[in-house]
Amino acid sequence: MDRTITNQLVPLFLAAGWLMLPLSIIVAAEPLTSSLPLTGTADLTESSGLAFSTSDPNCVWTHNDSGDTARLFCFDTRTGKLTGQCTLVGAKSVDWESLTTAGVDEHELIVADCGDNLANRDHITLYRFAQPDPHQTTHLNEHQYQTLSVRFPEGAVDCEAVWYDAEEASVILLAKGRLPIAAVYRVSDSLWDMPINNTTDKIVIAPRITTLNIPMATGADRDPVTGDVWVASYFQAFCFQRGEHVTLATQLAVLPVAFEMPRLRQIEAIAVDKQSNVWVTSEGVPAILTKLEK
């Protein structure tokens, strides 16, 4: 998200009292945690997506917000050092906002070019591909990734939070509402063309499945172990526990547990690793990677 817009909006929300969420939400103590800078490249200036590598659980992928080319960076979570990069040759990067693992075994990545601050995009674009080697510099051509154009049923929507739900076999997109009204949409795996090809310019409709009372959602992920869904905003993280819920809609209908975010500069990415640890990154140079103490 454009920082100028953010700086203008945040005081307005604070003045309006938008943080007054339902009183039955459990608010956990602020998670003061150990943090480390992501170093090895000066090109990561606005970390805006986060997803763990399945081939090396100590590595995490991220990318810039708008203004960069179509590329990913990978870092070691123990040292913060750059380990690899991946470029999607021929892909567009209008406003990359989120990144998620995908597929039954989470061996894929999906990048969401879904930012739309002014709500004027005809459609957004999702890119899907096999996870690259986190320790190499990789260039994927147009035959090595899938492209899916997505339109929302109500028209243009600003979206910065995306995750993959294995139970639903779908990519889930969460709107970034300026009020605590955030629509949730689904893109089923069945909408992707198989095998991989980019020969058709297909636009699919993402049906709306529910609405959350969360303002300014900037990131999301699903715990691969418990099935809990984590949503990040600028000031809090929300955990929608899976529990005994059969569907995602019923899971998201229950009030979440809220955690205060660490005091970092503009948090726009969140990811959960195989040990159910929750990580966030901040914008700025260097980006700061932090593990929340739950």
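Tutor: Start with strand β17, residues 217-222. The strand is mostly covered, with six of its six residues buried. Keep in mind that this is a predicted model.

Student: How do you know that β17 and β18 pair, and in which sense?

Tutor: Pairing takes at least two bridges. β17 and β18 (residues 229-233) have five bridges, in the antiparallel sense. One of the partners: Gly219 faces Ala232 in β18. The two strands form a hairpin with six residues between them. In the turn, Gly227 has a positive phi of about 85°.

Student: How far can I trust the coordinates?

Tutor: The chain averages a pLDDT of 88, and 85% of the residues score at least 70. Residues 2-24 are below 50, yet this stretch has 28 contacts in the model beyond near neighbours in sequence. Where pLDDT is low, predicted coordinates should not be read in detail.

Student: Why is Cys59 not counted in a disulfide?

Tutor: The cut-off is 2.5 Å between cysteine sulfur atoms. For Cys59, the nearest cysteine sulfur is that of Cys74, 4.4 Å away.

Student: What makes Cys59 buried or exposed?

Tutor: Buried means under 20% relative accessible area. Cys59 has 0%, so it counts as buried. Cys239 has 4%, so the label is again buried.

Student: What makes Glu108 and Arg128 a salt bridge?

Tutor: The limit is 4 Å from a Lys or Arg side-chain nitrogen to an Asp or Glu carboxyl oxygen. Here N to O is 3.0 Å, so the pair qualifies. The pair links distant parts of the chain: Glu108 in β8 and Arg128 in β9, 20 residues apart. Arg128 is buried at 3%, whereas Glu108 is partly exposed at 21%.

Student: How do you know that strands β8 and β9 pair?

Tutor: Two bridges would be enough. β8 (residues 108-113) and β9 (residues 124-130) have six, and pair in the antiparallel sense. Ala112 has Leu126 as its bridge partner in β9.

Student: Which strands are at the edges of the sheet that holds them, and why?

Tutor: The open sheet has five strands in the order β7-β8-β9-β11-β15, with mixed pairing. β7 (96-102) and β15 (203-205) each have a single partner strand, so one side of each is left without a neighbour in the sheet. Neighbouring strands are turned by 30° against each other on average, direction ignored.

Student: Why is Arg208 called partly exposed?

Tutor: The class lies between 20% and 50%. Arg208 has 38%, so it belongs there. Glu154, at 47%, is also partly exposed. Their side chains meet in a salt bridge at 3.0 Å, N to O. Arg208 is in strand β16, Glu154 in the loop between β11 and β12, 54 residues apart.

Student: What makes Asp43, Asp68 and Arg71 one network?

Tutor: Salt bridges that share partners join Asp43, Asp68 and Arg71. Asp68 and Arg71 meet at 3.0 Å, N to O, and both are buried. The count of salt bridges comes to 12.

Note on methods
Residues are numbered from 1 along each chain as its sequence is written. This is a predicted model: local features need pLDDT of at least 70, side-chain atom pairs count only at pLDDT 80 or more; totals for chains, interfaces and linings use all residues. Side-chain values use heavy atoms; hydrogens and water are left out. Buried means under 20% relative accessible area, exposed over 50%, partly exposed in between (1.4 Å probe, protein chains only). Helices (H or I, at least four residues) and strands (E, at least two) are DSSP runs, numbered from the N terminus. Axes are lines fitted to C-alpha atoms, for helices over the stretch in contact, and angles run from 0 to 180 degrees between N-to-C directions. pLDDT is the predictor's confidence in each residue, from 0 to 100. Contact means heavy atoms within 4.5 Å.
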